[in-house]
Amino acid sequence: MTDSGTEGGPADFAGRTLCPGGGSGALLVLSEPLSFWGGTDRKTGLIIDAHHPQHGGSLAGRVLVMAASRGSSSSSSVLAEQIRAGVGPAAVLLTARDAIVALGALAAAELYGTHVPVVLLDAGASSRLGRRNGATATVRAGADGRAGVVLDQAPAAGLPPRSREPA
Amino acid sequence: MLDGGRGPGTAMAMRMVVALAGVLGAERLIPITGAHIDSCLYHGQAGLDFAQRLAGLGAAVAVPTTLNVSSLDLMHPGLVRLPPADAVPARALMDAYRALGARATWTCAPYQLAQRPALGEDIAWAESNAIVFANSVLGARTERYGDFIDICAAITGRVPHAGLHLPEHRVPTLVLDCSALPAALLAEEAVWAALGDVVGRRSGTGIPLLTGIDPAVADEDRLKALGATAASSGGVALFHVAGVTPEAVAAAGDPAWSALPAAAVTTGMLRAARDELSTAGPSAPLDAVALGTPHFSVREFGKLAAALEGRPAFHPGCTVWINTSREVLAQAREAGLVQPAEERGARIVVDTCTYITPILGPEERTVMTPSGKWAWYAPMNLGVDVVFGTLSECLDSACAGKVVRDDGQWN
């Protein structure tokens with residue numbers, strides 16, 4: 001495993017910084033791309049797209065794992081608004097260079113000093129993370145481009161039940 | 001610019017542009033000749049904070065910049081039913097973008113304004129239908145820009161050298177053979193919207209080359225309908241039509257444009273798209289008709305006026321809504337092309353659009369439209385049922401107060 005280049009020792013998964021920052025929370029693995037505009041509630045961070053497999057889940061405080069966003073570029077505004085309102089994700093891990101997600105996080109960092117990291121992972125890392133839905137992850141994305149994800153080895157005890165997600 | 005030599009507002013915009021270059025893996029920035037901004041549509045406090053921060057730091061656009069639709073119709077106060085909690089910041093957002101030096105065009109069809117970009121110009125446009133029209137029909141070059149970065153590109157006059165700005169990324173990736181579609185079928189904009197639905201689903205984010213279309217039937221309104229729907233059902237930001245669009249004409253005989261994966265488009269596929277774009281059955285009572293998504297052109301007002309000759313007034317229980325821009329409305333009114341619709345009861349909307357902000361009344365539950373984009377988004381945004389049909393089917397239905405189909409237009 002590659003060192004993340006940031007404090008906290010070796011990263012379980014190395015990636016590239018798309019938006020610098022740090023955050024931790026329970027992994028929320030999205031099995032399909034999500035449009036933040038129209039697909040999530042800007043005031044609550046809930047996934048409201050009735051066709052999405054994780055419909056009803058909340059982005060708030062979670063480390064999102066997704067291939068990419070989908071659809072409207074207005075999603076950048078919705079993500080920035082969720083970060084402002086404190087109902088946005090703690091970090092976003094992508095497998096595509098998704099400008100819409102990155103710009104939402106970059107704008108929130110510029111405006112509010114809230115640095116939600118957005119990290120590009122390779123498909124293998126994303127797939128391995130995808131099997132750890134609900135585990136606690138800490139994400140650090142450095143301004144030098146190097147990023148890393150560390151998984152808490154302890155079982156994800158104390159998390160609120162998320163009935164619509166796979167165990 | 002990053003060091004603040006052109007002021008702190010420009011430095012903030014440049015930080016965003018440079019960060020995007022990093023996200024896209026671009027090695028340098030290139031100059032642009034114009035911008036079109038979609039960030040002026042209100043999606044919450046963060047968007048307003050961003051524009052007001054830039055304006056407060058003294059930033060201004062460095063290139064000619066047009067504005068997309070907003071959430072309000074400033075010419076017809078009271079038409080939009082937004083609560084004050086949203087209407088007040090939505091208005092403040094419009095004011096902030098004017099303070100940044102952008103033109104108050106308030107249209108999703110900036111390509112219908114008098115000044116528009118030329119073949120080969122690098123521009124930064126937002127709004128998916130405007131992006132696909134600029135790339136495909138005008139041959140200008142824009143990536144899929146959106147919120148925050150559109151205004152930052154306008155202020156800095158720069159974008160990352162990436163994506164559709166590079167000629168090698170503008171070559172088609174698949175061929176869709178349309179030679180089986182009768183020319184008479186392609187006389188209706190809605191048929192082009194249905195074709196756009198098929199093109200979007202087949203292409204995803206690829207670049208389709210449509211072949212077998214008679215150049216004589218491909219006018220800008222039809223290409224607009226095709227692109228807007230393909231950008232809704234797929235992520236199409238550039239299409240080519242052999243013998244029609246400028247890069248396809250220039251590339252005739254280019255080996256890079258041959259030996260592509262190909263599929264045929266059939267009349268049956270267009271009928272299937274028509275049915276997929278409809279959520280209500282063909283016998284539904286009709287409450288409204290939605291025209292002008294993307295915004296109506298002067299030529300479309302002319303086509304509408306011609307189609308209304310000999311028709312009675314619209315049914316009192318069915319409101320015909322027409323979205324357009326102020327500039328087009330003034331020209332069409334001057335030419336006497338708006339009055340035939342208004343005399344029959346049509347309502348005009350400017351600055352915004354009936355699918356993105358509350359304009360329709362609570363009693364308007366089933367709506368007919370020839371717009372693939374309206375049909376795609378309105379059920380989700382407004383909770384209405386949609387019947388997708390041609391302009392003449394929509395007008396027959398508006399006069400009857402119920403859905404009237406003419407299957408002869410779809411064969």
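Two residues are in contact if their C-beta atoms, placed from the backbone, lie within 7 Å. This is a predicted model: local features need pLDDT of at least 70, side-chain atom pairs count only at pLDDT 80 or more, and totals for chains, interfaces and linings use all residues. Residues are numbered from 1 along each chain as its sequence is written, and chains are lettered from A in the order in which they are written.

**View 1. The contact of chain A with chain B.** Chain A gives 22 residues and chain B gives 25 residues. On the chain A side, H1 (36-39), H2 (75-84) and H3 (99-112) each supply at least two residues. Helices here are DSSP runs (H or I, at least four residues), numbered from the N terminus. H3(A) provides the largest share, nine residues. The chain A side divides into 12 nonpolar, five polar and five charged residues. Ala, Val, Leu, Ile, Met, Phe, Trp, Tyr, Cys and Pro count as nonpolar, Asp, Glu, Lys and Arg as charged, and the others, Gly among them, as polar.

**View 2. H3(A) against H2(B).** Ala107(A), Ala108(A) and Leu111(A) meet Ala46(B), Asp49(B), Phe50(B) and Arg53(B).

**View 3. Domain 2 of chain B against domain 3 of chain B.** The domain assignment, automatic or from a database, gives domain 2 as 171-275 and domain 3 as 278-410. Their C-alpha centres lie 25 Å apart. Domain 2 puts 19 residues into the contact and domain 3 puts in 17 residues. On the domain 2 side, H6 (189-203), H7 (220-233) and H9 (267-276) of chain B give two or more residues. That side divides into seven nonpolar, four polar and eight charged residues.
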